[in-house]
Amino acid sequence: MTLAKRRCIKNAASKNTGTLALITSVKKIVVLLMLLVIGILVTGCSQSNNVPVKELRELGADEITAVFAEQGLDLLSSEVRAESVFHRELNGRKPVVFLLDREELVMYQFAGEEEREAGWADFENQTATAELVQHKVFQERSLLIFYIRDEGKTGEALFRQIEQIIPELLELRES
């Protein structure tokens with residue numbers, strides 16, 4: 001083989017090596033760009049789920065009493081009794097206690113549904129071995145309400161009325 005042919009072959013091999021190196025570099029850049037785009041998309045999607053939650057305001061006893069009065073139910077404010085399992089602090093929240101038809105209505109106002117569920121779990125843990133008196137539990141979004149009463153005819157009618165009042169209380173908390 002002549003010297004000129006060797007140089008041609010060597011130059012062609014150099015060009016191929018350079019081209020292959022360039023293609024490999026371009027592939028690496030494309031892969032890095034794809035990873036960057038995927039990372040941005042994942043981060044953007046996960047942040048879009050973090051919609052700020054509207055702060056719920058704590059209702060005062062007089063506001064709660066007024067909502068019940070609109071439905072013809074008279075609530076009387078009552079004291080929290082430390083010895084009652086229904087009056088204990090749940091998930092960091094203290095209850096508001098009333099008397100309704102001479103029976104206790106105990107209301108916990110949580111920041112949201114997850115916090116209410118944690119409050120309910122806390123109640124179940126605290127009372128796991130206790131024998132509880134007859135009561136009805138209402139759990140709706142951020143509210144946990146106990147009504148300690150026998151479930152006779154009068155009790156069932158009151159339970160239905162309380163269930164109808166709960167959406168009004170929730171709406172008032174969101175205002």
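Start with helix 2 (residues 61–70), where I64, V67 and F68 are buried; buried means under 20% relative accessible area, exposed over 50% and partly exposed in between, with a 1.4 Å probe and protein chains only. Down the axis of helix 2, the buried residues fall within an arc of 95°, so they line one face of the helix. That arc is taken from the directions from the helix axis to the C-beta atoms.

Keep in mind that this is a predicted model: local features need pLDDT of at least 70, side-chain atom pairs count only at pLDDT 80 or more, and totals for chains, interfaces and linings use all residues. Residues are numbered from 1 along each chain as its sequence is written, and side-chain values use heavy atoms, with hydrogens and water left out.

**More on helix 2**
- D62 and E70 sit on the other side of helix 2, and they're exposed.
- Just after helix 2 comes G72, with a positive phi of about 80°.
- Helices (H or I, at least four residues) and strands (E, at least two) are DSSP runs, numbered from the N terminus.

**Aromatic rings**
- The whole structure holds nine aromatic pairs; rings of Phe, Tyr and Trp (its six-membered ring) pair if their centres lie within 6.5 Å, with planes under 30 degrees apart stacked, over 60 edge-to-face and the rest tilted.
- Y108 and F146 have ring centres 6.2 Å apart and planes at 85°, so they make an edge-to-face pair.
- This pair links distant parts of the chain, with Y108 in strand 3 (residues 103–109) and F146 in strand 5 (residues 143–148), 38 residues apart.
- Y108 counts as buried, at 0% relative accessibility, and F146 is buried at 0% too.
- One aromatic cluster is formed by F86, Y108, F110, W120, F123 and F146.
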